[in-house]
Amino acid sequence: MNYSFYMPTRLIQGQGCVRRSAAVFASLGTKAFIVTGKHFARKNGSLDDVTAALTEAGLSWEVFDEIMSNPTIEVVYRGAERMRACGADFVIGIGGGSPMDSAKAIALLYSQEVKEENLFSGSYEDCLPPMAMIPTTAGTGSEVTQYAILTNDAKETKTSVASDLLFPTVAFLDAGYMKSLGRATTIHTAVDALSHNVEGMISKRATVISDALAKEGIRRFRLCLEALLSWDGQTELPLEVREELLCASTIGGMVIAHSGTTAVHSMGYELTYFHGTDHGRANGLLMAEFLKIAAERMPEKTADILEALSMNSVKELGEMLKAILGPEPPLTEEEALRYAAIAVQAKNIKNAPFELTEEEVREIYRKSLVRG
Ligand SMILES: [Fe+2]
């Protein structure tokens, strides 16, 4: 039993935790560079809470709200330049995975000269500014990981900048910011969190600690399943359900910080890159077919996953995912072929504890999404 476990991010959870944490922000620096998207942080109250806490602490800030979903390399270089120009000395990321990942990449590029061809190299100087993260969706777990995932046009996929230096200093977990999230975003992000916990168990980097966390993350997703399946998106999802989903998501982040994501994410990135499929949805569409292979090669781990889900078979999991995600336009044979060729090259597919051939990857795409 050889393992190491490193999770340096301080977690502060609870309704109103941002507004109550002026002293925590004061400990990070004097001027905050707030990285977020155009609208959501204003709408859900998180940006107001941050600026109120910064004001109370006597700190100044600049807002950089240019982060799009699936952020580009260009936007993080631009953000870093802006951060240097405005004299900020710490970063606050507010939003889903895209703003939080961008905030980490901006912190990296602010602190040192990194040429674009070396951006994904993983070798950086040890001088990043402090980072606070405030997730406003429950799925990515980015608030507790050392990854920043960016769109990589050169490779026609998404690629992660990965370094222990990217672990945020502090994360504020307030599910109240998720109250107004719509059904599709809520479900897609929840399935992303499930995928992190599931893939984390089917990883050659899994440890006894990450598995213990993953089982708990899966169990917390399971607790929300009935509420999600019966929710029409018109009424508000109970706050307790939102809190469970955020908990599953943060746990999932801690899991993949150690185990990495594996084949499902490698394959899902192509659906996002070429079809704009939401990240979590893309994973959910492929998860059951991947687990059918895992069930043959790692039956005990798969049984643990099903037990945490209170399910009897991978088929049952597949049916649940179909029910929760709804129908998806099919892929063509040519697309399955092309995406498999890209996915087998991905870094994270090598985290799978058994080798997947290009043919097997194509079969996962075919069985999941090719019709006729
Ligand atoms: Fe993910």
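Start by selecting strands E2 (residues 31-35) and E3 (residues 60-64): these two run parallel and are joined by five bridges. Helices (H or I, at least four residues) and strands (E, at least two) are DSSP runs, numbered from the N terminus, and two strands pair if DSSP finds at least two bridges between them. Click on Ile34, and you will find its bridge partner in E3 at Val63.

Before moving on, a word on what you have open: this is a predicted model, in which local features need pLDDT of at least 70 and side-chain atom pairs count only at pLDDT 80 or more, while totals for chains, interfaces and linings use all residues. Residues are numbered from 1 along each chain as its sequence is written, and side-chain values use heavy atoms, with hydrogens and water left out.

Now show the side chains of E2. In a regular strand the side chains alternate between the two faces of the sheet. Lys31, Phe33 and Val35 point one way, Ala32 and Ile34 the other, and all are buried (under 20% relative accessible area, with exposed over 50% and partly exposed in between, using a 1.4 Å probe and protein chains only).

Strands E6 (residues 147-152) and E7 run antiparallel, with six bridges between them. One of the pairs to look for is Asn152 with Thr157 in E7. Four residues lie between the strands, and in this hairpin Glu156 takes a positive phi near 55°. E7 itself (residues 157-162) is mostly covered, with five of its six residues buried.

From there, go to His279, which sits in helix H10 (residues 279-297). Which residues does His279 touch, not counting those up to four places away in sequence? They are Lys158, Asp192, His196, His265, Tyr269 and Thr272, where contact means heavy atoms within 4.5 Å. Draw a distance between the side chains of His279 and His265 to find a polar contact of 3.1 Å (a pair of N or O atoms within 3.5 Å; within protein, one must be able to donate a hydrogen and the other to accept it, and residues adjacent in sequence count only if both atoms are side-chain atoms).

The last stop is a pocket. Select Leu285, Gly318, Lys322, Lys367 and Ser368, which lie nearest the centre of the second largest pocket among its 18 lining residues. On a 1 Å grid over the protein atoms alone, a pocket is an open set of points with protein on both sides within 12 Å along at least five of seven lines, and lining residues have an atom within 4 Å of a point. About 380 Å³ of space lies inside this pocket; grid points are joined across faces, edges and corners, and a volume is the space filled by probe spheres set on the points.

Colour H10, helix H12 (314-325) and helix H14 (358-369), each of which supplies at least two residues of the lining. H12 has the largest share, six residues. Colouring by class gives six nonpolar, four polar and eight charged residues, where Ala, Val, Leu, Ile, Met, Phe, Trp, Tyr, Cys and Pro count as nonpolar, Asp, Glu, Lys and Arg as charged, and the others, Gly among them, as polar.

How values were computed. 1 Å grid on protein atoms, 1.4 Å probe; cavity = no way out; pocket = protein on both sides within 12 Å on 5 of 7 lines; lining within 4 Å.
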